[in-house]
Amino acid sequence: MTKPSYEDVINSPAFLDDLSSLNQAIADGLKQAGEPVAINGNVCYAHKQEDFHLSDLAPSMEPKRRSLHRLAQESNCFAEVGVAGGHAGLLALHSNPGLKYIGIDLGQRLRASWPPVDIYVPIAFRWFENRFPDRVKFYLSPAIEGLEQAIQDRPFGPIDLLHLDAQKNSRVAELDAVWSGLADRCYLIQGDNRNGHVQASSARLVQQGRARPVNLVGPETLHSANFGLLETGPGVARNALSLDGLAHQRILVCVCHQDDETLFAGSLLAHLKGHAEIVVASFFRPASNRRDTDTREAAMQQVCDMIGATRVQLPFAVESDYPRLRRFIRMPTGDGMPEPEIVRPLRRHPLFGLLSGSAYALMKQFAPTTVITHNRVGEYGHVEHVLLHHAVKQASARYTDAQMLTFGLNLPAADLTVPSLPEQKNRMFDCYMPQWNGRRLYDFALDDETFARVDPQEFT
């Protein structure tokens, strides 16, 4: 069955009729109480918008509405803290006729400047219970108590879509309260994404390995000032990569060139300084015709000293022009970063055995628990990066005692996002100056870093 598009839902007579009926019920209740017709901001209307029931949907909330529509179609049970007028629930229920909805709201006017939530929240609850009697369950309660009660009741099974949109400084505690009732994978929408407490809670969950960024193919905007989106749940945590999880490990970083460790993993290595045993191995010696030929190895040593890592330089390969290598690996042309084509078996390339054998020897020598290297698209299409990726992957398949990660740049999905440490990473770049300025050459240099898990047994 074809899922209705966002436009189909938002313009459907059924949704528009329900939206009008819900809004009118809230407006009538506010008028009867002698209050202005206004509500707090939500997925449909701006904050404190007066006569909202006569207004069009707020354009600023369009990205959040579209994302909620998309996520509702992929979910079975939607729980929301901060129901307000119920507009997010209404859109979700219309987006997926099989969806069930749990709403939690304190229903108290915590700020004098707010519209009277104590009046319109109970009105919204009653309207939904009359309109969708078998699909909704409400709790007029503080967030954590309401979540705990919902988990005890389990009216609709595991929660796989969670919207936290009330207090901004208790989001981790709210997730803790609902954790045992989440599906293995649950989408987490956090409202008020510009707030520092909210951003800190997201970063903390990712660092703990309890959440990860979401990769969805489609036109939806998955983050804005109004909301952020993560994937969480017990299954995500069981399989998650995290900075905390990498601490106290032995980590082998295999790179082609001196500077790659800084470009693609500088922030990760800075985060792990003093917490993990790190070896950084460069497999290619500098080409003879570069401005920094005679300074690159010393610069890489300074970087390794800075992060407390051991540096290894392999002697077998020299960075060079690629005519011969391009007979084995055909890099794509055009926009984007589609997959390179392996046009000849890589084992026939004269360097491949040396690279793979050297990587395996390093693994046997240092006994890493995690191996990190270049990815299958060569980050920005560098053919030597692609070659080393496959060589290290083959070595990891032989070694078997370490997980393998690759740099995530230009991959469609990442398993770990590492917050950028620009001050520390800039000091790493300074080691390579003035002959080489990665900050100027590469637009991603100071962005957050991403890493993807690889199964080395899937060898090309």
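Trainee: Let's start with Ala84. Leaving aside neighbours within four places in sequence, which residues is Ala84 in contact with?

Mentor: Four of them: Asp105, Tyr120, Val121 and Ala124. Bear in mind that this is a predicted model. Ala84 itself belongs to the loop between S3 and H4.

Trainee: And is Ala84 buried or exposed?

Mentor: The general idea is that a residue counts as buried when its relative accessible area is under 20%. Ala84 comes out at 11%, so it counts as buried. For the protein, 54% of the 460 residues fall in that class.

Trainee: How far is Ala84 from Val214?

Mentor: Their C-alpha atoms are separated by 26 Å, and along the chain the two are 130 residues apart. For the contacts in this protein between residues at least 6 apart in sequence, 74% join residues at least 24 apart.

Trainee: Now the largest pocket. Which elements each supply at least two residues of its lining?

Mentor: Strand S3 (77–81), helix H4 (87–95), strand S4 (100–105) and helix H5 (117–131) each do. H5 gives the most, with three residues. In total 43 residues line this pocket, and Asn40, Asp165, Ala166, Lys168 and Asp192 lie nearest its centre. The space inside is about 970 Å³.

Trainee: Next, backbone angles. What should I expect of phi and of peptide bonds in general?

Mentor: Most residues other than glycine have a negative phi, and most peptide bonds are trans. Exceptions deserve a look.

Trainee: What is phi for Asp259, and where does this residue sit?

Mentor: Asp259 has a positive phi of about 120°, although it is not a glycine. Its place is in the loop between strand S10 (250–255) and helix H11 (260–272). With a relative accessible area of 6%, Asp259 is buried.

Trainee: And what about phi of Glu379?

Mentor: That value is positive too, near 60°, and again the residue is not glycine. Glu379 is found in helix H14, residues 378–381. Its relative accessibility is 0%, so Glu379 counts as buried.

Trainee: Is the peptide bond from Met433 to Pro434 cis or trans?

Mentor: Cis, with omega near 0°. Pro434 lies in the loop between helix H16 (422–432) and helix H17 (438–441).

Trainee: Last one: how many helices and strands does the protein have?

Mentor: You'll find 17 helices and 18 strands. The C-alpha atoms fill a box of roughly 85 × 45 × 40 Å along the principal axes.

How values were computed: Residues are numbered from 1 along each chain as its sequence is written. This is a predicted model: local features need pLDDT of at least 70, side-chain atom pairs count only at pLDDT 80 or more; totals for chains, interfaces and linings use all residues. Side-chain values use heavy atoms; hydrogens and water are left out. Helices (H or I, at least four residues) and strands (E, at least two) are DSSP runs, numbered from the N terminus. Buried means under 20% relative accessible area, exposed over 50%, partly exposed in between (1.4 Å probe, protein chains only). Contact means heavy atoms within 4.5 Å. On a 1 Å grid over the protein atoms alone, a cavity is a set of points where a 1.4 Å probe fits but cannot get out, and a pocket is an open set with protein on both sides within 12 Å along at least five of seven lines; lining residues have an atom within 4 Å of a point. Grid points are joined across faces, edges and corners, and a volume is the space filled by probe spheres set on the points.
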